[in-house]
Amino acid sequence: MKKRFTSGFSLVELTLAMGIAAFCLIAVMGLMPVGVQTNRNATSQTAATNIMAAVVADLRATPTFNTSSTEFGITFGTNATLYFDGTGQFATSLGANSRYQLNVTWYGSAGLRYADLKVTWPAAATAANASGSAEMFAAFHRN
């Protein structure tokens, strides 16, 4: 009489495989919050950069005979603070939907002005306890 052997996984092999899979899944799940936070930071950084680019473009497009920019109403030579929501709409005062705060600080003389633009978020935070910031320095020739 011939014995027939069937092949398959033993209980020990199955237990080891499930243990290795569980260890890997726990490691991947542990990285999820880090990935979500990194994505959130990257999104905020991109939005802040887009805000600064829009403001600089508005200031550069302002004719030399105008003293303030057309879109954002920023007066050349006068420090300004603007607030932006998540969609890019701006306001001159802090509101319930404000997400980003833009501070424009001016340097230089009447002919050649320099602007230091700094965006911080969240908008209600001070510079010391903001969760993120982006800064840009731009020069404007006004002759």
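Biologist: How many residues stand between β3 and β4 in the hairpin that they form?

Modeller: This is a predicted model, in which local features need pLDDT of at least 70, side-chain atom pairs count only at pLDDT 80 or more, and totals for chains, interfaces and linings use all residues. Residues are numbered from 1 along each chain as its sequence is written, while side-chain values use heavy atoms, with hydrogens and water left out. Strands are DSSP runs of E with at least two residues, and helices are runs of H or I with at least four, both numbered from the N terminus. In the hairpin, the number of residues between β3 and β4 is three.

Biologist: How many bridges join β3 to β4?

Modeller: Two strands pair if DSSP finds at least two bridges between them. Strands β3 (residues 100–108) and β4 (residues 112–121) run antiparallel, and Gln101 stands opposite Thr120 in β4. The number of bridges joining β3 to β4 is eight.

Biologist: Which residue of β3 stands opposite Phe84?

Modeller: Strand β1 (residues 80–84) runs antiparallel to β3, and five bridges join the two. The residue of β3 that stands opposite Phe84 is Tyr100.

Biologist: Is Ala80 buried or exposed?

Modeller: Ala80 has its place in strand β1. Buried means under 20% relative accessible area, exposed means over 50%, and partly exposed lies in between, with a 1.4 Å probe and protein chains only. Because its relative accessibility is 18%, Ala80 counts as buried.

Biologist: Which residues does Ala80 contact, leaving aside its neighbours within four places in sequence?

Modeller: Contact means heavy atoms within 4.5 Å. With those sequence neighbours left aside, the residues in contact with Ala80 are Ile74, Leu102, Asn103 and Val104.

Biologist: Is Leu14 buried or partly exposed?

Modeller: Leu14 is found in helix α1 (residues 11–61). Because its relative accessibility is 44%, Leu14 counts as partly exposed.
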